[in-house]
Amino acid sequence: MTDGRLVAHPFDTNRRETQGQPVTLATGVDSPLVTNAMTISASATGLLTYGGGVPRVRLIWYDDRGNTVSRVEGPVELHNPVITPDGALVLASQVFSARRGVWAIDTRGGGSRVITDGTRAFPSPDGRQVAFSADASGVLDLHVRDIGGTTASTLVSSPYPKTITHWTGDGRYIVFVTSNPRTMEDLWVLPMFGDRKPVPFLETPDNELQGEVSPDGRWIAYTSDESGTWEVYVQSFPAGGFKRAVSVNGGFEPHWRRSGAGNRLFYIASNQEIGRAHV
């Protein structure tokens with residue numbers, strides 16, 4: 001496959017070489033997620049099948065009642081989308097193809113790759129910077145740079161991979177997950193003031209991930225498998241301590257509503273519906 005075309009080239013089996021010109025069999029074929037992962041099969045009757053591509057990806061906005069508000073076509077398959085504070089851009093990651101990196105998608109349509117060597121990006125509350133993970137040293141470390149710049153500085157470097165999950169609304173803390181063979185997935189906090197020394201927030205034999213701090217800065221929501229299944233919990237922040245489960249019979253991907261009275265929390269329930277809680 002080349003340039004979105006599936007082609008066949010005449011081949012001399014005796015000489016073991018191609019002959020003549022290639023013939024285009026299909027156009028508009030999506031590239032496979034993994035290099036050289038295209039699956040092609042031909043029958044004795046001449047029927048050809050091919051796979052390995054993916055459909056175009058859409059980012060869809062819904063209101064609180066589940067009604068579609070708007071949608072934008074993604075230029076590549078995108079993961080972990082985060083909306084910038086002004087609501088104008090979505091930062092998301094592509095990790096599988098030659099177009100890997102962090103993409104900025106305009107909510108009115110169109111997008112561009114803004115970081116070619118990073119993944120899992122999160123904007124600062126003022127929208128001027130973006131924190132992201134990159135493996136230039138062989139392990140995913142945390143970096144930050146101006147959202148329109150090209151030079152990044154390292155925030156956290158350690159032997160274990162790290163991914164950012166939240167930058168608090170007051171700009172004082174970055175929450176990230178680090179993987180440790182002894183304690184599995186753990187939640188850490190990086191103060192963006194003082195000596196900027198990262199500290200563990202939840203470091204247990206269980207997995208804790210997807211940490212996000214409430215708009216008033218008093219609570220952190222996260223996902224853990226401490227009960228034997230994935231559930232959403234909230235715990236006091238930044239000191240920790242008081243904790244309670246939010247989901248019932250499974251839940252993950254907690255997110256706080258940015259505006260409105262009180263702390264409203266949304267998450268994905270085990271039945272793939274949107275769960276809600278008021279904290």
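Me: In β23, which residue is the bridge partner of Ser224?

Reply: Glu231 is the bridge partner of Ser224. Keep in mind that this is a predicted model.

Me: How many bridges join β22 to β23, and how do the strands run?

Reply: Six bridges join them, and the two strands run antiparallel. β23 covers residues 231–236.

Me: What lies between β22 and β23?

Reply: Six residues, in a hairpin. Look at the turn: Gly228 has a positive phi of about 100° there.

Me: What about the other neighbour, β21? How many bridges join it to β22?

Reply: Four, and this pair is antiparallel too. β21 spans residues 208–213. The hairpin of β21 and β22 has five residues between the strands. In that hairpin, Gly217 takes a positive phi near 75°.

Me: Is strand β22 largely enclosed or open?

Reply: Count its buried residues. Six of the six residues in β22, 219–224, are buried, so the strand is largely enclosed by the rest of the structure.

Me: Which residues of β22 point which way?

Reply: Trp219, Ala221 and Thr223 point one way. Ile220, Tyr222 and Ser224 point the other way. Residues on both sides are buried.

Me: Now the cores. What do nonpolar side chains tend to do in soluble globular proteins?

Reply: They tend to be buried together. Here, the largest nonpolar core has 14 residues. Leu155, Trp167, Ile174 and Leu190 touch the most other members.

Me: Which elements give two or more residues to this core?

Reply: Five strands do: β15 (141–146), β16 (153–156), β17 (162–167), β18 (173–180) and β19 (184–191).

Me: Which residues does Leu190 touch, leaving out those up to four places away in sequence?

Reply: Its contacts are Leu155, Val156, Arg172, Tyr173, Ile174, Phe176, Arg196, Lys197 and Pro198.

Me: What other core lies apart from the largest one?

Reply: A core of 12 residues. Among them are Tyr173, Val177, Val189 and Ile220.

Me: Which residues make the nonpolar surface patch?

Reply: Val23, Leu25, Ile40, Leu48 and Tyr50 make a patch of about 440 Å². β4 (23–26) and β6 (48–51) each supply at least two of the patch residues.

Methods. Residues numbered from 1 in each chain as written. Predicted model: local features only at pLDDT ≥ 70, side-chain atom pairs only at ≥ 80, totals over all residues. Heavy atoms only, no water. Core = buried A, V, L, I, M, F, W, Y, C linked by side-chain atoms within 4.5 Å. Buried < 20%, exposed > 50% of the residue type's maximum accessible area, 1.4 Å probe, protein only. Contact = heavy atoms within 4.5 Å. Patch = residues over 30% accessible without salt bridge, like charges linked within 9 Å, V, L, I, M, F, W, Y side chains within 5 Å. Areas by Shrake-Rupley, 256 points an atom, 1.4 Å probe, with all protein chains shown as cover. Salt bridge = Lys/Arg side-chain N within 4 Å of Asp/Glu carboxyl O. Pairing = 2+ DSSP bridges.
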